[in-house]
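Me: I would like to learn how to read the spaces, helix contacts and charge pairs in a model. Could you take me through them one by one?

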Amino acid sequence: MYHNAVSYVHMLLRQHLHAGDVVVDATAGNGFDARVMADLVGDEGTLYVFDIQQAALRATMQRLEGTGTRVNIMHAGHEQMSDLVSTEHHGGIRAITFNLGYLPGHDHAITTMVDTTLTAVSAGLAMLSSDGLMTIVCYRHPEGEREYAALMELVSALDQGLWVVSETRFVNQRGMPPVVVVIQRRPHREQSSA
Ligand SMILES: C[S@@+](CC[C@H](N)C(=O)[O-])C[C@H]1O[C@@H](n2cnc3c(N)ncnc32)[C@H](O)[C@@H]1O
């Protein structure tokens, strides 16, 4: 069951991931998504986490304490993903999560930005495995609206024979609830019949 954007993403990850998978958290933040993925991929799995803020990476490392997952902590922008994820994992990543925006409790001016987000999403899509999953939680502050509009342009143009793209909105939630965009690469065997 889920009750908001974040728990919806965690439900999808629980349905999708297996022990030993290779996964990327493109926006580490406080490490909640990273911890869920680490628990699912387990000791044989590999997790890459990206964030531009040391405070976020510290919080994430703390939250990952006690997991046996191989963790690669990247103090770098996710737009560098294709250079920083080992080439042996290109084409083999089973899930990539983006939770856009700023680090709660810190400087709201340090936020994901439309150009680097688009670069990172495109790079991430190129690295997904045959049935790989990308989730993007989009917020509704001004830069978030710009990111969402640009992302919609990008993902609506993806070939439906190769990709399944959907979005989920929490329509009775008060305030400005985030929207979840989910992109799944079709398994290779499905692609010709889609
Ligand atoms: C909403 S938080 C992520 C929440 C996190 N996934 C969690 O489970 O706690 C967004 C994070 O994106 C980070 N960020 C901003 N620009 C970034 C970039 N270019 N590359 C990677 N992370 C970035 C921010 O520093 C912030 O920590």
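**Reading the model**

Reply: Counted by the rule given here, there is one cavity of 30 Å³ or more, a cavity being, on a 1 Å grid over the protein atoms alone, a set of points where a 1.4 Å probe fits but cannot get out. Its volume, like any volume here, is the space filled by probe spheres set on the points, which are joined across faces, edges and corners. This is a predicted model, in which local features need pLDDT of at least 70 and side-chain atom pairs count only at pLDDT 80 or more, while totals for chains, interfaces and linings use all residues. Residues are numbered from 1 along each chain as its sequence is written, and side-chain values use heavy atoms, with hydrogens and water left out.

Me: Which residues line the largest cavity?

Reply: The lining, meaning residues with an atom within 4 Å of a point, consists of V6, V9, D33, T97, F98, N99, T135 and V137.

Me: At what angle do helix 5 and helix 6 pack?

Reply: With axes as lines fitted to C-alpha atoms over the stretch in contact, and angles running from 0 to 180 degrees between N-to-C directions, helix 5 (residues 114-127) and helix 6 (residues 142-156) pack at about 35 degrees, their axes 9 Å apart. Taking contact as heavy atoms within 4.5 Å, V114, T117, L118, V121 and S122 of helix 5 meet E143, R146, E147, A150, L151 and L154 of helix 6.

Me: How many salt bridges are there?

Reply: Side chains of opposite charge can pair when their charged atoms come close. With a side-chain nitrogen of Lys or Arg required within 4 Å of a carboxyl oxygen of Asp or Glu, the count comes to six salt bridges. One of them joins R35 and D39 (3.2 Å, N to O); these residues are separated by about one helical turn because they lie four residues apart in helix 2 (residues 32-41).

Methods. 1 Å grid on protein atoms, 1.4 Å probe; cavity = no way out; pocket = protein on both sides within 12 Å on 5 of 7 lines; lining within 4 Å. Helix = DSSP H or I, 4+ residues; strand = E, 2+ residues; numbered from the N terminus.
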